[in-house]
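Here is a short briefing to read alongside the structure. Take a look at the model first, then work through the points below.

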Amino acid sequence: MQDFLLPIYPWLKAGHLIFVIFWMAGLFMLPRFFVYHQEDGAPGSEMDALWTSREQKLLKIILLPSIIVVWVLGLALMSAVQAHTQGWFHAKFLLVIILSGYHGWLAAYAKKLARGERPMQGKALRLANEVPGILAAIIVILVVVKPF
């Protein structure tokens, strides 16, 4: 497998980074959409339907394809350079799993909003919006510095 992947490694890496950017942009936008949705769209209102539509489009058009490509290319990169044998990669992999779980939580929260449920306050959603940024910063440090 390495014989195939190493020659295209720069392209795999470029594609991975491009789709990580798309994924992260969506992860930053969706909680903000939730805040606006809850503040502007009373359940059953026209604004509620508009925000629900926006959230579903972001999930289906940006977030879902991005997470799939990020995982496929990331696993290919891991295989190409045998990253799974290095300590920094294990920490990065755990954080990516957590970030993927956060993505799933956002998708579930969008469904709750679509049903008219409002389980969290705007302040909590604003705080949740910090999760991807913090995790992304740690992941970048792990990948670039390789501290262990």
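The axes of helix 3 and helix 4 come within 10 Å of each other and cross at roughly 160 degrees, which makes helix 3 roughly antiparallel to helix 4. Angles here run from 0 to 180 degrees between N-to-C directions, and axes are lines fitted to C-alpha atoms, for helices over the stretch in contact. Under 35 degrees counts as roughly parallel, over 145 as roughly antiparallel, 65 to 115 as roughly perpendicular and the rest as oblique.

This is a predicted model, in which local features need pLDDT of at least 70 and side-chain atom pairs count only at pLDDT 80 or more, while totals for chains, interfaces and linings use all residues. Residues are numbered from 1 along each chain as its sequence is written, and side-chain values use heavy atoms, with hydrogens and water left out.

**Overall fold**

- The protein chain has six helices and zero strands (DSSP runs numbered from the N terminus: helices are H or I with at least four residues, strands are E with at least two).
- Along the sequence, the pattern of the protein chain reads α-α-α-α-α-α.
- The C-alpha trace of the protein chain spans about 55 × 25 × 15 Å along its principal axes.

**How the helices cross**

- Helix 3 and helix 4 make a left-handed crossing (the near helix is turned anticlockwise from the far one by less than a right angle; clockwise would be right-handed).
- The axes of helix 2 and helix 3 come within 7 Å and cross at roughly 155 degrees, so helix 2 is roughly antiparallel to helix 3.
- Helix 2 also passes helix 3 in a left-handed crossing.
- The contact of helix 2 with helix 3 has 26 nonpolar, seven polar and five charged residues (Ala, Val, Leu, Ile, Met, Phe, Trp, Tyr, Cys and Pro count as nonpolar, Asp, Glu, Lys and Arg as charged, and the others, Gly among them, as polar).
- For helix 4 and helix 6, the axes come within 9 Å and cross at roughly 160 degrees, so these two helices are roughly antiparallel to each other.
- The crossing of helix 4 and helix 6 is left-handed.

**The largest pocket**

- The largest pocket has a volume of about 670 Å³ (a pocket is an open set of points on a 1 Å grid over the protein atoms alone, where a 1.4 Å probe fits, with protein on both sides within 12 Å along at least five of seven lines; lining residues have an atom within 4 Å of a point).
- Grid points are joined across faces, edges and corners, and the volume is the space filled by probe spheres set on the points.
- Of the 28 residues lining the largest pocket, His16, Leu17, Lys92, Ile139 and Val143 are the closest to its centre.
- Helix 2 (9-40), helix 3 (46-81), helix 4 (87-114) and helix 6 (131-145) each give two or more residues to this lining.
- By class, the lining has 22 nonpolar, three polar and three charged residues.
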